[in-house]
Amino acid sequence: MIVTMTGTTHQLIALLAAFWILTMYPVSLGPVLAIIAIFAVMIGAVTPDLDHPATNILKRTIGGKLVHRLFTAFSGGHRHFTHGLLGISAIYFFLHWIIVQFLQPVYHPQLLTLLYAFMIGYISHPIADTLTDQGVPWLWPIAWNIKIPPGPEEVRVTTESFVEIILLRGSLLFALALLLSSHWSVLVLLFAR
Ligand SMILES: [Zn+2]
């Protein structure tokens, strides 16, 4: 049975999505914030699968097992709470609330920028999962796994298969290289002050 796309694939998709958005809405963050924002996109891309049983990184860390168990219990298993619109909004408003309530107002603009970067990566994840065999319960708690295309299984992405790793990752890298080279000034601007 197909469970999920790999983390690396999700991160590539997230970077592509983030850069594509950047070409439409260019910003200057300065070198430090730009680098952290890129990491935020990549962390956001793998966060929705923290409820996944195969997420071993979390389990291996101290206290990770407990956090993982709580997260899984709360989310109702893989691809439930964390992949649905309700969960996505809840996570956004929760993090926004933490920043505004508990962190120094001086840092709010930077922290909110990082939150937006994180959310771009995060949202790209269930969108990509929608193209896999299992689909995504966008309307969780309504148990309806939405898949695109809805047709035969062979059309959708089969996880960790030859097709995903070679074709998907290859074309993602190619698309990213193409987008970066054709919009190099946007990337330069991102790192500028
Ligand atoms: Zn997922």
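Biologist: Which residues of H2 meet H6?
Modeller: In this predicted model, the H6 side of the contact is formed by Gln 110, Thr 113, Leu 114, Ala 117, Phe 118, Met 119, Ile 120, Gly 121, Tyr 122, Ser 124 and His 125. Facing them in H2 are Leu 33, Ile 36, Ala 37, Ala 40, Val 41, Met 42, Ile 43, Gly 44 and Ala 45.

Biologist: At what angle do H2 and H6 pack?
Modeller: Helix H2 covers residues 31-46, and its axis is 6 Å from that of H6. The crossing of H2 past H6 is right-handed. Their packing angle is about 35°.

Biologist: Is H1 roughly parallel, roughly antiparallel or oblique to H6?
Modeller: Helix H1 (residues 7-24) packs on helix H6 (residues 108-129) at about 120°, and the axes are 8 Å apart. Angles of 65 to 115 degrees count as roughly perpendicular and those over 145 as roughly antiparallel. The angle therefore makes the relation of H1 to H6 oblique.

Biologist: Which residues of H6 make the contact with H1?
Modeller: H1 crosses H6 in a right-handed sense. From H1, the contact draws on His 10, Ile 13, Ala 14, Ala 17, Ala 18 and Ile 21. By class, the contact of H1 with H6 holds 8 nonpolar, 4 polar and no charged residues. The H6 residues that take part are Ala 117, Ile 120, Gly 121, Ser 124, His 125 and Ala 128.

Biologist: Does Ile 120 count as buried or exposed?
Modeller: Ile 120 belongs to helix H6. Beyond its neighbours within four places in sequence, Ile 120 contacts Ala 14, Ala 17, Ala 18, Ile 21, Val 41 and Gly 44. A residue needs 20 or more other C-beta atoms within 10 Å to be buried. Because Ile 120 has 22 C-beta neighbours inside 10 Å, Ile 120 counts as buried.

Biologist: Is H5 roughly parallel or roughly antiparallel to H6?
Modeller: Helix H5 (residues 85-102) packs on H6 with 10 Å between the axes, at an angle of about 165°. Angles over 145 degrees fall in the class concerned. This angle therefore makes H5, relative to H6, roughly antiparallel.

Biologist: Which residues of H5 meet H6?
Modeller: H5 and H6 cross in a right-handed sense. The H6 residues involved are His 108, Leu 111, Leu 112, Leu 115, Met 119, Tyr 122 and Ile 123. The contact of H5 with H6 has 11 nonpolar, 2 polar and no charged residues. On the H5 side are Ile 88, Tyr 92, Leu 95, His 96, Ile 99 and Val 100.

Biologist: Which residue is joined to Pro 141 by a cis peptide bond?
Modeller: Pro 141 is placed in the loop between H6 and helix H7 (162-182). The bond has an omega of about 10°. The residue joined to Pro 141 in this cis bond is Trp 140.

Biologist: Why does Trp 138 count as partly exposed?
Modeller: Trp 138 is also in the loop between H6 and H7, and Trp 138 touches Gly 84, Leu 85, Pro 126 and Ile 146, residues up to four places away in sequence being left out. Burial requires 20 or more other C-beta atoms within 10 Å. Trp 138 is partly exposed because the number of other C-beta atoms within 10 Å is 19.

Biologist: How many C-beta neighbours inside 10 Å does Val 136 have?
Modeller: Val 136 lies in the loop between H6 and H7. Its C-alpha atom is 6.6 Å from that of Lys 147, 11 residues away in sequence. Val 136 counts as buried because its C-beta neighbours inside 10 Å number 25.

Biologist: What share of residues 172-192 is helix?
Modeller: The unreviewed UniProt entry lists "transmembrane region" at residues 12-43, 80-99, 111-128 and 172-192. For residues 172-192, the end C-alpha atoms lie 26 Å apart and strand makes up 0%. The helix share of residues 172-192 is 90%.

Conventions
Residues are numbered from 1 along each chain as its sequence is written. This is a predicted model: local features need pLDDT of at least 70, side-chain atom pairs count only at pLDDT 80 or more; totals for chains, interfaces and linings use all residues. Axes are lines fitted to C-alpha atoms, for helices over the stretch in contact, and angles run from 0 to 180 degrees between N-to-C directions. Helices (H or I, at least four residues) and strands (E, at least two) are DSSP runs, numbered from the N terminus. Angles under 35 degrees count as roughly parallel, over 145 as roughly antiparallel, 65 to 115 as roughly perpendicular and the rest as oblique. A crossing is left-handed if the near helix is turned anticlockwise from the far one by less than a right angle, and right-handed if clockwise. Two residues are in contact if their C-beta atoms, placed from the backbone, lie within 7 Å. Ala, Val, Leu, Ile, Met, Phe, Trp, Tyr, Cys and Pro count as nonpolar, Asp, Glu, Lys and Arg as charged, and the others, Gly among them, as polar. UniProt positions are given in the numbering used here, feature names are shortened, and annotations may be inferred rather than shown by experiment. A residue is buried if 20 or more other C-beta atoms lie within 10 Å of its own, exposed if 12 or fewer, and partly exposed in between; C-beta atoms are placed from the backbone.
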